[in-house]
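User: Hi! Could you walk me through this fold, one question at a time?

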Amino acid sequence: MGLLMAMVGLFWIAEGDVYVGAKPTGPAPGVRLAPEGVVALGDRQSGLWPWEDIRALTVEDVPVKTLGHQVGVLVEMALTVGGLGGSDLPPAVTVRVGTAERDAELTAYTAAYGYSRTELDLSLALLSRLVEGEATLRTTLDAMARWGRTREGGSPRAAEREELLREWTEASRLP
């Protein structure tokens, strides 16, 4: 069995760990959603924000798929492959962690070069659900991690990703 990992919305799920954006490697910045809180990863950011202190959790600067965006990505890829510049890195997003004391701005690379509006909206709704309380948080993160530990074959297709995001958003509302 190979490495178990998949992208669903704004989330990268690798063997039961849930990240906002791509799982970071080396010194790259990243954000992990752990049972104890939001964890900043990478050389230039660190810290843990316990869930009970978090009042808001949002992601900004997310690339949304549009025709213009797709053309821009193709041009960027052509420049990179052709050796004429460009960046090998995916786009970065800002993960904003709001607490009563202050907001923290963290950076994570996206797991995709663009997201559908539906997938983005469902991902943001799921992040909002995570800060509603411990029962919601535990149920939702457990469902995501459980799915990640059993998933084989990479990321699912768009319709399945959207359905998973809906299920996880609603998971804690079940009796």
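This is a predicted model: local features need pLDDT of at least 70, side-chain atom pairs count only at pLDDT 80 or more; totals for chains, interfaces and linings use all residues.

User: How many residues does H3 have, and what span does the helix reach from its first C-alpha to its last?

Analyst: Residues are numbered from 1 along each chain as its sequence is written, and side-chain values use heavy atoms, with hydrogens and water left out. Helices (H or I, at least four residues) and strands (E, at least two) are DSSP runs, numbered from the N terminus. The expected span of a helix is 1.5 Å times one less than its number of residues; H3 comes close to its expected 24 Å, with 17 residues and a reach of 24 Å.

User: Which residues of H3 are buried, and what covers them?

Analyst: Buried means under 20% relative accessible area (exposed is over 50%, partly exposed in between; 1.4 Å probe, protein chains only). In H3 the buried residues are Thr 136, Leu 137, Thr 140, Leu 141, Ala 143, Met 144, Ala 145, Trp 147 and Gly 148. Their cover includes H2, H4, E1, E2, strand E3 (17-20) and strand E4 (30-34).

User: In what order do the strands of the open sheet of six run?

Analyst: Two strands pair if DSSP finds at least two bridges between them. The pairing in this sheet is antiparallel, and the order is E1-E2-E3-E4-E5-E6.

User: Which strands are at its edges, and what is the average twist?

Analyst: E1 and strand E6 (47-50) are the edge strands, each pairing on one side only. Axes are lines fitted to C-alpha atoms, for helices over the stretch in contact, and angles run from 0 to 180 degrees between N-to-C directions. From one strand to the next, the twist averages 25°.

User: What angle does H3 make with E2, and what angle does H2 make with E2?

Analyst: Contact means heavy atoms within 4.5 Å. H2 lies across E1, E2, E3 and E4, at about 70° to E2. H3 packs on the sheet and touches E1, E2, E3 and E4, and its direction makes an angle with that of E2 of about 55°.

User: How many bridges join E1 and E2, and which residue stands opposite Met 7?

Analyst: Strand E1 (residues 5-8) and strand E2 (residues 11-14) pair in the antiparallel sense over four bridges. Ala 6 has Ile 13 in E2 as its bridge partner. In the hairpin, two residues sit between the strands, and Gly 9 takes a positive phi near 60°. The residue in E2 opposite Met 7 is Trp 12.

User: How many aromatic pairs are there, and which residues form the edge-to-face pair?

Analyst: Rings of Phe, Tyr and Trp (its six-membered ring) pair if their centres lie within 6.5 Å, and planes under 30 degrees apart count as stacked, over 60 as edge-to-face and the rest as tilted. By this rule there is one aromatic pair, edge-to-face at 5.7 Å centre to centre with 70° between the planes, formed by Trp 147 and Trp 168.

User: Where in the chain do those two residues lie?

Analyst: The pair links distant parts of the chain, 21 residues apart. Trp 147 is buried at 14% relative accessible area, and Trp 168 is buried at 4%. Trp 147 lies in helix H3 (residues 134-150) and Trp 168 in helix H4 (residues 158-170).
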